[in-house]
Every structure is written in structure tokens, then in C-alpha cells.
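These are my notebook entries on a structure that I looked up. I set out to record its salt bridges and the surroundings of its ligand.

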Amino acid sequence: MKSKYKIGFLGMGTVAQGVWRHLANNHAEMSRRLGADYELSVACVRSAAKKRGVEIAPERLTENPEDVVSNPEIDVVCELMGGVETAFKLVKKAVENGKIVITANKAMLCEKGAELFALLEKNPKSQIFFEASVAGGIPIIKSLREGLVANRFSLIYGILNGTCNYILTRMERENATYEAVLEDARRLGYVEADESLDIDGIDSAHKAAVLAYLAHGRWVKLSEMIVNGIREIRLEDMLWAREFGCRIKLLASIKRDSETGKISVAVYPALLPLSDVVANVNEVFNAVALEGDLVGRTVHIGRGAGQNATASAVISDIADAFRALNSNAKYVSCHASNGVEMMPLKDIESSFYMRLSVKDETGTLAKIASIFASQKVSIELLEQKRHVNANEAWLILTTHKTSEFAIREACKALEESEQVLEKPFVLRIFEDTQA
Ligand code: HSE
């Protein structure tokens with residue numbers, strides 16, 4: 001056991017600066033809480049000359065990542081640079097060099113997790129901690145790995161993207177435009193460098209992959225998931241969802257079929273009943289609801305993005321890293337030793353909300369109804385709403401449970417109909433299968 005552990009950083013962006021500042025400004029107290037003294041030894045950055053929001057002595061900055069990952073002095077490597085390929089190459093090297101690695105990089109974990117965790121098996125001195133990769137400040141990784149270690153999970157669902165939740169909340173509350181709210185989210189440091197990752201649901205999908213791995217032992221690829229984002233949601237959808245007693249949230253869901261044991265992983269904007277606690281989690285907050293076979297339901301809520309919340313998660317990993325260094329403690333990496341199979345898309349069922357822009361003329365309703373009937377999709381509720389254009393109308397409807405395949409076929413047929421003026425817009429209605 002060393003008297004002092006040395007921490008190196010790859011990347012010095014918003015989150016890394018938060019970690020550095022907190023550990024530098026509260027050194028004595030943080031050493032006590034983390035169980036060891038430490039030195040913030042070196043940070044690898046793209047440009048050492050760049051001005052930063054945290055003071056770092058010039059001799060502690062480098063532009064050469066080898067000074068971190070291959071530096072024999074460094075015990076803990078914090079990878080906070082983002083991106084996939086370069087980050088993976090460096091993390092791999094750090095693992096091979098026996099370092100403890102901390103990463104917030106959900107994209108890298110999702111795409112390279114299988115390879116990375118196989119590599120860890122061959123490098124027993126190394127470990128990877130990734131609390132900050134999912135749900136910002138909520139200690140959800142630790143909860144799954146430790147507090148809930150006894151459980152198998154039939155359902156995990158929640159809000160995993162702070163940016164989208166912030167946008168949807170403010171649009172609904174203030175009638176604000178999507179662009180104006182996105183600008184505020186950028187200013188607050190919530191948004192990924194590539195904003196499409198947030199808005200198109202990919203960031204949530206990366207995080208869902210991490211949770212699915214912990215719960216079920218399989219690294220699910222993006223191509224194996226349903227992934228939809230929030231771009232096409234209109235203010236009207238939010239108001240109409242309320243008429244059905246629901247709120248629209250970008251949800252991630254990981255379901256395990258109790259009969260076949262197969263899982264489905266999906267990210268989509270969904271109508272969630274207002275009675276569900278997750279529907280009332282707003283702004284940048286994330287929520288993860290878990291259904292464990294022993295514990296039953298637990299719901300975890302906290303800030304899902306932002307400098308301090310994410311820094312809090314990284315520092316909790318530093319505590320685990322020091323514990324591992326002090327005692328050679330090993331952590332459970334996932335709940336299942338053999339990965340599960342994926343549920344085929346045709347077996348995934350849900351009820352749906354649909355917004356249709358149609359010609360407001362005699363016979364429209366009958367034609368639309370016959371399309372649904374021909375695709376064997378059963379309508380549950382249907383309402384016509386006034387459109388701003390005189391000869392048009394909105395049809396807002398919900399369906400009974402139907403398969404993903406049937407709803408896609410129905411949408412194709414609707415799009416081909418002369419009565420339908422825009423591509424049908426569809427949202428799933430989230431059903432809490434365990435409630
Ligand atoms: N862009 C992410 C979000 C940051 O909004 O949730 C945290 O992963």
C-alpha cells in the first residue's frame with residue numbers, strides 16, 4: 001500500500017475540471033473520505049496553452065497521453081476525454097499497464113465493452129470503474145453492482161439523458177421552442193459535443209447498454225435495440241398526452257421475459273402515466289426504476305448531467321479505486337455469468353399513440369379505420385382535433401397492444417393513403433409490466 005496515490009487525467013473538459021477542482025480545493029477532507037492521500041499528477045490535454053476554468057500548474061499538463069497511460073508513477077487513470085477509438089486505445093493501454101481506470105465514456109463502453117472486459121480478465125491488476133457513465137450523479141452502477149447484487153432484474157426503465165429531459169420539461173412548461181431550450185442546455189454543460197447523441201436517443205442507448213450488461217451480462221449493440229429520439233415531438237403531442245393522463249419522456253427500457261429469459265433493450269419517447277414517479281422527474285434529473293426479484297421496486301433519482309453531479313460520480317470511483325489499491329478488492333462486474341439472448345423485434349409488443357394529419361372530408365375516418373383493420377391493429381381511443389389549416393384535421397388515437405411489426409406496416413399503409421397528409425407520428429405507451 002502506497003502512502004499516496006497518483007491520479008492522471010486523459011482530457012480536461014467540463015467534468016474533469018470539476019473533479020480536479022474539488023479534489024484540489026478539499027484535499028485534506030477528501031483524502032480522509034477516499035481512504036488515501038493522493039496527488040493530481042498529470043493531465044493530458046489537446047492544447048496545454050488553452051485557458052481553462054481550473055488552475056493547473058504548467059508542469060502538470062502534457063499533450064502526450066503516454067505520460068499518463070504508460071507512466072509507471074500513475075496509479076489511477078481518469079479517462080474523461082470522450083470519443084470511442086482513441087479513448088479505447090488509451091484505456092486498453094492503461095489496463096495492460098495494470099492501472100485502475102475510471103471512465104465516464106458510455107459510448108466507448110457500449111461499443112468496446114465486450115473487448116475491454118475480456119482484456120481485464122487477462123490483466124487482473126487492473127480494474128475499470130464507470131459510475132459517471134450512466135445517470136450522472138445517481139450512484140446507479142454501485143447500486144446494481146453492490147447494493148442490489150442479490151437480484152435478477154425483470155425490468156429496468158427510466159430517464160437516462162438529462163439534456164432531453166431538460167428540453168421536454170421546458171417545452172411543456174413554458175411552451176418554449178426546442179431550439180431555445182437546447183441553447184440553454186448547451187450553456188449549462190449538459191449537451192454532448194455531438195448533440196445528435198443526446199437528441200436522437202443514442203446517448204441514452206449507450207447508457208442502457210451499460211445497465212443491460214450489469215444486469216444481464218451481455219453487451220447489447222445499438223443495432224440490437226430500438227433507438228428513437230425526440231426531434232419530431234410537437235408541443236401539441238405533449239398537450240394531447242396529458243389528455244390521456246400521461247407525460248412524454250425519453251425512456252430507456254430493459255425488459256426480461258419471464259418465460260424465455262430473453263431481453264429487449266430500447267430507447268424511445270413514450271407516454272408515461274402521470275401516476276408513475278418517473279413521469280414526474282423533470283429538468284436535468286434522471287431516474288432509474290428497477291424491479292429486482294428480491295428487493296422489488298426501487299427508484300433512483302438525481303441530476304443526470306452537469307459538471308458537479310458528474311464529478312461527484314467520478315470521485316466515488318476514485319474512492320473505489322483507492323479501496324482496490326489498498327486491499328486488492330475486486331468488484332462484481334455483472335450479474336449474469338452467461339449473457340442472455342435478445343428478444344426478436346416481432347415479439348416486442350406495446351400500445352401506441354399516433355398523430356395523423358388528414359384531409360378533413362367525408363369518408364376520411366372510414367378509410368383510416370379500414371387501414372387499421374387491414375393491418376389487424378385495434379384502435380382503443382380516437383379523437384379528431386382542429387387543425388390550423390381549414391381543410392385538414394388531426395386524428396389523435398391510441399391502439400390496443402400490437403407488435404412493432406404491425407404498427408410499422410400500418411404506418412406504411414397510412415402514408416400511402418391519399419387521406420393522410422404527413423408521415424404518421426407514433427409514440428409508444430409505456431407499460432410497467434411489473435406494476
Ligand atoms: N449529455 C448527457 C446528458 C450528459 O444530457 O445526459 C451526461 O451523460
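I count as a salt bridge a side-chain nitrogen of Lys or Arg within 4 Å of a carboxyl oxygen of Asp or Glu. With that criterion, I find K142, R145, E146, D320 and R323 linked in a network of salt bridges.

I note that this is a predicted model, in which local features need pLDDT of at least 70, side-chain atom pairs count only at pLDDT 80 or more, and totals for chains, interfaces and linings use all residues. Residues are numbered from 1 along each chain as its sequence is written, and side-chain values use heavy atoms, with hydrogens and water left out.

Entry on the salt bridges. I find 36 salt bridges in the structure. I looked up D320 and K142, whose side chains meet N to O at 2.7 Å. This pair links distant parts of the chain, as D320 is in helix α12 (residues 307-327) and K142 in helix α6 (residues 140-147), 178 residues apart. Helices (H or I, at least four residues) and strands (E, at least two) are DSSP runs, numbered from the N terminus. For burial I use relative accessible area: buried is under 20%, exposed over 50%, and partly exposed in between (1.4 Å probe, protein chains only). D320 is buried at 2%, whereas K142 is partly exposed at 23%.

I then looked up R355 and D237, which form a salt bridge of 2.8 Å, N to O. R355 lies in strand β13 (residues 349-359) and D237 in helix α11 (residues 235-243), 118 residues apart. R355 is buried with a relative accessible area of 5%, and D237 is buried at 0%.

Entry on the ligand. Which residues surround the ligand? I list K106, N161, G162, T163, Y190, E192, D198, D203, K207, G304 and A305, each with a heavy atom within 4 Å of the ligand. I record polar contacts as pairs of N or O atoms within 3.5 Å. An oxygen atom of the ligand is 2.6 Å from a side-chain N or O atom of K106, and an oxygen atom of the ligand is 2.8 Å from a polar backbone atom of G162. A nitrogen atom of the ligand lies 2.8 Å from a polar side-chain atom of E192. The protein covers 93% of the 250 Å² of accessible area that the ligand has on its own, by the Shrake-Rupley method with a 1.4 Å probe.

Helices α7 (162-174) and α10 (202-216) each supply at least two residues of the shell. In α10, K207 and D203 lie 4 residues apart, about one turn of the helix. Their side chains meet in a salt bridge of 2.6 Å, N to O, and both residues are buried.

Technical notes:
A polar contact is a pair of N or O atoms within 3.5 Å; within protein, one must be able to donate a hydrogen and the other to accept it, and residues adjacent in sequence count only if both atoms are side-chain atoms.
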